[in-house]
Structure formats: structure tokens, C-alpha cells
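The following paragraphs go through one structure, taking its interfaces and charged pairs in turn. Please keep the sequence and the model at hand while reading.

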There are 4 protein chains.
Amino acid sequence: MSATAELRRTVAELHRELTRYELVSWTAGNVSARVPDHELMVIKPSGVSYDELGPHAMVVTDLHGTLVEGELAPSSDTAAHAYVYRHMPHVGGVVHTHSPYATAWAARGEPIPCVLTMIADEFGGEIPVGPFALIGDDSIGRGIVETLSASRSPAVLMRNHGPFTVGATARAAVKAAVLLEDVARTVHFARQLGQPDVIEQQHVDRLYERYQNVYGQ
Amino acid sequence: MSATAELRRTVAELHRELTRYELVSWTAGNVSARVPDHELMVIKPSGVSYDELGPHAMVVTDLHGTLVEGELAPSSDTAAHAYVYRHMPHVGGVVHTHSPYATAWAARGEPIPCVLTMIADEFGGEIPVGPFALIGDDSIGRGIVETLSASRSPAVLMRNHGPFTVGATARAAVKAAVLLEDVARTVHFARQLGQPDVIEQQHVDRLYERYQNVYGQ
Amino acid sequence: MSATAELRRTVAELHRELTRYELVSWTAGNVSARVPDHELMVIKPSGVSYDELGPHAMVVTDLHGTLVEGELAPSSDTAAHAYVYRHMPHVGGVVHTHSPYATAWAARGEPIPCVLTMIADEFGGEIPVGPFALIGDDSIGRGIVETLSASRSPAVLMRNHGPFTVGATARAAVKAAVLLEDVARTVHFARQLGQPDVIEQQHVDRLYERYQNVYGQ
Amino acid sequence: MSATAELRRTVAELHRELTRYELVSWTAGNVSARVPDHELMVIKPSGVSYDELGPHAMVVTDLHGTLVEGELAPSSDTAAHAYVYRHMPHVGGVVHTHSPYATAWAARGEPIPCVLTMIADEFGGEIPVGPFALIGDDSIGRGIVETLSASRSPAVLMRNHGPFTVGATARAAVKAAVLLEDVARTVHFARQLGQPDVIEQQHVDRLYERYQNVYGQ
């Protein structure tokens with residue numbers, strides 16, 4: 001199944017961005033990628049150190065989380081990733097972390113207001129909060145999908161838990177996770193000493209439009 | 001005494017996690033491990049730079065802190081570690097740091113409330129505060145043991161001092177120290193701008209049960 | 001066009017200071033340098049990873065942002081940099097980041113008061129706020145130039161956006177960006193627990209005078 | 001003058017601790033060491049990047065700051081270091097930084113209360129504030145010496161400026177600078193969410209006594 005060989009490498013490498021930006025501690029956090037044209041995904045194994053996350057440690061499951069390829073048990077968040085892939089066909093990558101500033105907003109159940117041009121650019125408006133949900137069934141996946149479906153944001157703050165982000169590719173989902181923590185932190189700082197102004201909706205729309213279409217190569 | 005050779009290496013390597021996660025400054029902080037089937041422990045020497053903490057720098061003491069093997073004086077916290085091993089037979093590793101967020105809760109004498117799924121998973125409820133105790137006799141060890149015995153938490157916040165964590169192995173105790181600082185920080189951030197909701201006890205119980213039995217390989 | 005070869009290398013290397021001091025996330029942020037004696041500038045390409053920013057990735061544009069040399073599209077902030085070079089002939093380098101503490105002051109639209117000798121030394125007084133401006137025309141460049149022209153500060157906090165800094169060279173502009181985040185952070189901390197005293201104007205003037213003329217080699 | 005060769009190397013290496021613990025930005029901050037049995041000191045040159053601070057970059061001055069050895073201009077803080085060596089004969093090393101948490105207390109002119117055992121151990125009580133003083137004459141040196149002479153603390157928080165620390169050796173002064181920032185940060189965090197209890201004087205005395213005489217090898 002050589003379609004997954006390249007993707008294992010990509011997903012393994014993307015996990016390094018989680019440690020580089022200090023979005024994760026110990027073995028928490030995970031990245032997955034949909035295998036194009038297959039009902040499969042590549043995901044991190046459960047409870048394995050980031051130092052040992054080479055391509056061979058990655059596992060492949062079907063879109064109900066059943067192990068298809070690999071020797072390790074998949075991430076305990078596999079069911080949530082799988083639910084997202086089943087219900088959001090345009091999503092090619094999913095990331096979950098407990099990055100500290102984003103998780104602090106999640107713990108308070110407070111959306112991050114759109115007070116920075118970077119939030120308008122990447123998230124298209126305020127970053128929404130998803131419900132409290134226990135692990136073990138489809139509750140987390142359903143909470144993610146319902147919240148993201150009502151928003152332009154690729155990130156959702158799951159209450160008392162932490163953020164999930166999505167993207168057209170695993171790399172785009174990791175980018176969203178990195179920028180989420182960045183803006184969660186900056187708005188936290190801003191709010192500690194005052195109340196920043198929310199950017200007007202028409203300006204948010206123009207910024208979002210431009211960034212989605214013009215930025216990058 | 002070859003039973004300790006492997007353990008010296010393990011304990012030496014685990015100290016690198018303390019610097020990697022910035023839980024310690026200068027020479028503060030220490031990891032120890034019980035030597036299985038012996039009344040002995042391996043522990044860091046006192047006041048030695050983290051750059052010089054190879055396996056040979058580690059020292060072996062009995063469970064009253066008397067030096068048995070090694071050329072350096074043991075950590076000044078050896079008595080506290082030894083007390084824990086004498087009174088908690090299931091504990092195989094002990095870690096002490098002054099990690100900044102956990103120590104801030106300790107300075108206020110305030111337990112960390114269970115407002116995150118990660119706290120329910122790893123600590124099984126709120127993270128308790130232990131008494132103020134002076135170094136030099138069994139006061140610190142007794143404070144740790146009494147506080148941990150009344151809780152599911154592997155971590156205790158010693159008042160005006162800093163955290164101690166325990167585990168079945170030294171690695172598990174280090175994991176608890178890393179995740180403690182992570183949640184101490186996130187809840188600190190959450191509390192700076194509001195009051196996060198405490199997770200219901202029945203949900204805490206289900207999360208704790210699952211994580212202790214299902215997570216990892 | 002060998003005048004730009006050396007400058008490409010310098011600008012590429014200066015981008016490493018942005019990551020070293022954690023002033024940028026993912027591909028955000030950019031450094032540019034005026035090409036001496038030419039109506040040209042060297043600038044970072046748009047949306048390229050910091051890991052891939054070698055000298056050959058840099059692009060050269062004229063002072064209206066039109067690509068002259070290089071294979072990649074220039075930074076989406078090129079128009080703002082170009083506006084600064086057209087209107088501030090003594091400026092040889094421009095830097096833009098979303099460094100978190102400086103951006104938090106920008107989000108509140110609050111200047112950083114001159115409460116530290118380092119602020120007097122490097123910025124010559126309080127660090128001013130520029131207007132909210134949308135990307136896409138000269139609004140950002142005009143806001144930067146108007147604000148800096150009314151101040152001794154080489155840094156401006158663009159409202160709801162982030163800082164821009166300038167200098168006689170690109171290196172000086174990077175230094176201003178690094179020290180800006182440093183003082184933005186320290187004054188943030190100071191203000192969280194009280195109200196630091198502003199340094200008297202006569203002392204600010206003496207410190208600024210001395211630092212600009214005596215410091216360094 | 002081979003007495004200084006070894007000391008240049010030591011002082012150069014100690015500067016790496018300032019960057020390792022993020023106590024300094026750009027070229028700010030400096031370490032010096034008294035040359036034993038000579039009226040000389042080794043100090044960092046002014047405005048040189050930390051990447052270029054090898055032994056050969058260090059300069060030697062007399063205890064009035066006049067250059068004796070080396071090709072670069074000495075640190076602009078040389079007069080303050082020299083004043084300390086002239087007036088505190090037991091001091092063998094001096095460190096100056098603008099480390100952010102310590103400088104925040106300095107900006108407010110507020111001493112750091114003794115609410116942690118680590119503060120009692122290393123600083124022997126609250127960490128005092130020194131006067132606001134301009135660079136250019138003996139004002140800073142005099143402020144340091146007068147404040148430290150009235151305290152057991154090896155650290156002083158110079159108002160609106162930043163910390164200076166001293167020690168029997170340059171290494172001890174660097175240790176004090178590292179632990180100062182550590183406790184300045186932890187007490188900052190503790191104070192953000194409440195009011196930690198100050199440790200009783202008799203306990204502070206016992207902790208200080210023990211740490212100064214028993215800790216280390």
C-alpha cells in the first residue's frame with residue numbers, strides 16, 4: 001500500500017512542528033492525514049514519545065478507526081479524527097493539541113474575539129467554542145463537526161479540553177494549530193490589561209478574502 | 001552491584017526531561033528511582049550542573065539516605081525521597097522541581113482545580129497542597145506521604161516550596177512532573193481572565209478510569 | 001546585479017533572528033533591506049517556511065514592489081516596506097512581525113510608556129501606536145511613516161495588527177524589533193501588578209543621547 | 001599576563017548561561033570577574049553579539065574601567081562593575097541583565113517578598129530595590145553597593161533599569177542572576193492570582209544558614 005508511505009513521512013515530520021512551537025507536552029497531541037482516494041487515514045500511535053515518531057511508528061486506520069497498517073495502537077483520539085473525515089469531505093488533515101493559551105480559552109468556554117488582522121486572515125472571524133464531550137464514543141467528533149460547520153474557522157476550542165484544527169491538508173491543519181496558539185496568546189495578553197477593539201465585519205471579510213486568495217506562492 | 005548500572009543511566013537520562021520542559025533552573029530539581037528488590041535508591045548528586053549529569057554522577061543510597069555507591073554527596077532532598085520510598089511501597093520513582101507555575105500555586109497554598117480533561121486523566125481530580133515544612137528532618141517526606149495518601153493525584157504542591165511527584169517508575173514520576181506544570185500553567189492562564197467550570201465528579205471518574213487503563217501501548 | 005548578492009545573504013540571515021527570539025510563527029513576519037544607490041529592496045518571499053529562507057529564496061523588487069529579481073512572489077507586506085523606503089530616505093531596513101507582547105499593546109491601541117532605561121536608550125521615549133489600516137494599498141505604509149515621523153522611536157505598533165520597525169540598516173531594524181518585544185514584555189509584566197513610574201523627560205533625553213552616541217564598538 | 005587567560009575563557013563561557021536562561025536580548029547584559037591578586041577585572045565588550053563572545057573578545061580593565069588588555073571597547077556598564085569591586089572586596093564576580101520578570105519588579109520599585117524556600121536559601125530574605133540612577137558616573141555603582149550592603153541578598157533590582165547580582169566568583173554571580181529571574185517569575189505568577197504568605201523570619205534564617213553551608217559538593 002505505497003499510497004501511505006509518503007504520507008507516513010509527512011505526518012511524522014509534521015509532529016515536529018508541534019514540539020517546535022511547544023504546542024504539546026510529553027506524548028499528548030496528534031496529527032492525522034486522510035489518504036487521498038482511500039477510506040483511510042494516517043495517525044500517530046497512542047502514548048509514544050515525540051522522539052520516537054518516525055514514519056514507521058505512524059499507523060493507518062480506516063475511517064472508523066480500525067487499524068489497517070502498523071504495529072502500534074492508534075492515538076486515543078482516533079475516533080474523533082475519523083468522525084471528522086467521514087463528515088467533512090473537504091478536510092484532508094486534523095490536528096489536536098492542548099496548547100496552553102488556546103486551552104485556557106477552552107477551559108473558560110470563551111471564543112477568541114477577532115481583534116487581530118491575523119485572526120481575520122486565517123480564521124475569518126472569532127474562533128468558536130465546542131461542547132464539553134467525553135472520550136469513548138462519537139461525542140467529540142460530533143462536537144467538532146457541528147461547531148466548525150457553523151463557522152469559517154478551521155479551529156474549534158473544545159470546552160475543558162483543548163483545540164482541534166482542520167485543513168485541506170495535514171500541513172494546513174498544523175498551520176492552523178500554530179497560528180491558533182499564537183493569536184490565543186496575543187489576545188490573552190491584550191485582554192490582561194484592557195479590552196481590545198473588535199475589527200469591523202466588513203474589514204474582517206476583506207482581510208479573509210485576500211489572505212485566502214493572495215497569500216503565499 | 002550491577003542492578004544499579006542500568007538504573008543510573010535511566011535516572012541520568014530522565015533529568016534531561018526536566019531541562020527540556022524547563023522545569024528546573026541551574027542545579028535545582030532531582031529525580032530518583034527505587035532499585036527493585038533492594039532497599040536502595042538512585043538519585044542525583046547535590047548542586048551538580050545538568051550538563052554534567054551522566055550515569056556516573058548518579059549516587060546510590062539506602063532508604064534512609066546513607067550513601068552506598070558513588071563519589072558525590074547525594075541531593076539535599078534525599079531524605080524526602082527516602083521517606084516516600086519507605087512509606088509508599090508501590091512508588092518506584094520520585095521527582096522534585098520548582099517548576100514555575102506549579103510553584104506559584106504552591107506559594108499561594110491553592111490546589112489546582114480539575115477544570116481540564118488532562119487533569120482528570122492524569123491526576124484523577126484536583127491537585128492537592130501539602131504543608132509548609134523545613135528541610136533537615138522527615139517533615140517534607142511526611143507532608144508528601146500524608147497528602148498523596150488522601151488523593152488519587154501523583155503530584156503534591158508543597159506550600160511555599162514546590163511540587164513533588166511520584167510514579168510506579170521514575171519515568172512515570174517525570175511524566176507527572178511534566179504534565180503537572182502543563183496544567184498548572186493552563187489553569188493559571190484560564191483563571192487570569194475568568195473562572196473555568198470544574199468538571200463533574202462522575203465525568204472525572206470516567207476519564208481517570210479510561211486513561212489509566214486504555215491510554216498508550 | 002552583484003550589488004544584491006551580499007544583501008540577499010544578510011537579509012536571509014537576519015530572518016533567523018526573528019525565529020531565535022520567537023518574534024514570528026510559521027511564515028509570518030519579514031525583513032527587508034534597501035539596496036544602496038539603487039531604487040531597489042531585498043525582501044522575503046510570501047508564505048515560505050523559515051527553514052527554507054536561504055539567500056536564493058530572497059527576492060528583489062523596485063520601490064513600488066514590482067519584482068525585479070527572484071523566482072518567488074514577494075511578501076504580501078512588500079507595499080508597506082516600499083512606501084517606507086520611498087518616504088524615509090535615511091531608512092535602510094524595515095522589519096515586520098506579530099511578536100506577541102508588542103502586538104498585544106497594538107491590539108489595545110496603547111503606546112508603551114517609557115518606564116525603563118532600555119526604552120529611553122533605544123526608542124527615545126514612549127513607543128507610539130499607528131492607525132488601523134487594511135492591506136492592499138498604501139494605507140499601512142502611510143500609517144507607519146506618519147507615526148514614525150512624529151517620534152524618535154524606530155518602532156510603531158500598528159493597531160490590531162503588529163509592530164513595524166526601521167533602522168539605518170536591516171540589522172538595526174531587526175535589533176529594534178528584538179528590543180521592542182523585550183520591553184513590551186517587561187512593561188506588560190510590570191503593569192500586571194502595579195503602575196511603574198515614567199522616567200522624567202530630561203533623563204530620557206540624556207539616556208537616549210548617550211546610547212545613540214557611545215554604546216557599541 | 002597569563003593570569004587573565006583562564007579567566008577570559010570562564011567569563012566568555014558564563015555569558016552562554018545568560019542566553020541559555022533567556023536573561024538577555026541582543027547584546028544587552030554582561031558578566032565580569034575580578035582578577036585575583038590584581039587590581040583588574042575581565043568584562044564583556046560593548047555591543048558585541050553573544051555569538052561572537054569567545055575568550056579573545058573579552059577585555060581587561062583596571063578597577064576604574066580603563067582598558068588594559070583587549071581590542072574592543074569595554075561594556076558601557078564597566079564603571080558600575082568597577083565601583084562594586086573597589087568597594088566590596090569579597091566580591092569576585094558581577095552580572096547585569098535586563099531579565100524580564102526581575103526587571104518588571106524593578107520597574108515598579110517593588111522588592112520581591114520572601115515567599116519561597118528558594119528565596120530564603122539563595123537570597124536570605126526579600127530581594128531589595130536600588131535607586132534610579134543614570135549611567136555616566138558612579139551613581140549606579142554606588143546604588144548597588146549601598147543597597148547590597150544593607151542586605152544578605154546577592155541581587156539588587158535597580159529601579160526602572162534591571163538587576164545586578166554579585167558573588168564570590170563570576171559563576172556564583174551568574175547563579176544568582178539565574179535564580180533571581182526564576183523566583184521573580186514564580187512570585188509574579190503567585191501574586192497574579194492572590195497573595196502568597198511570607199515565610200517567618202526564623203524559618204528564613206534556618207533555610208539560609210543550611211543552604212549556604214550544606215548545599216552542593
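Predicted model: local features only at pLDDT ≥ 70, side-chain atom pairs only at ≥ 80, totals over all residues.

Residues are numbered from 1 along each chain as its sequence is written, chains are lettered from A and ligands numbered from 1 in the order in which they are written, and side-chain values use heavy atoms, with hydrogens and water left out.

Begin with chains C and A. Contact (heavy atoms within 4.5 Å) joins 32 residues of chain C to 31 residues of chain A. The buried area, meaning the accessible area (1.4 Å probe) that two parts lose on being put together, summed over both, is about 2,800 Å² here, and carbon and sulfur atoms give 59% of it. On the chain C side, Trp26(C), Leu134(C) and Asn160(C) lose the most area to chain A, together 27% of what that side buries.

Between these two chains there is one salt bridge, defined as a side-chain nitrogen of Lys or Arg within 4 Å of a carboxyl oxygen of Asp or Glu. Asp51(C) and Arg20(A) form a salt bridge through their side chains, at 2.6 Å from N to O. Helices (H or I, at least four residues) and strands (E, at least two) are DSSP runs, numbered from the N terminus. Helix H3 (100-108) and helix H6 (170-192) of chain C each supply at least two residues of the side that touches chain A. H3(C) gives the largest share of that side, six residues.

Buried means under 20% relative accessible area, exposed over 50%, and partly exposed in between (1.4 Å probe, protein chains only). Nine of the nine residues of H3(C) are buried, so this helix is largely enclosed by the rest of the structure. The cover over these residues includes helix H6 (170-192) of chain A, along with strand S7 (155-158), strand S8 (162-167) and H6 of chain C. In the loop between strand S5 (93-96) and H3 of chain C lies Ser99(C), which is buried at a relative accessible area of 0%. Leaving aside neighbours within four places in sequence, Ser99(C) is in contact with Leu23(C), Pro163(C) and Glu181(C). Just after H3(C), Gly109(C) has a positive phi of about 65°.

Over all chains, the salt bridges number 44. In chain D, Glu69(D) and Arg8(D) pair at 2.9 Å, N to O. This pair links distant parts of the chain, 61 residues apart: Glu69(D) is in strand S4 (residues 67-69) and Arg8(D) in helix H1 (residues 3-20). Glu69(D) is buried at 18% relative accessibility, and Arg8(D) is buried at 11%. Arg9(D) and Glu13(D) form another salt bridge, at 3.0 Å, N to O. Being four residues apart in helix H1 of chain D, Arg9(D) and Glu13(D) are separated by about one helical turn.
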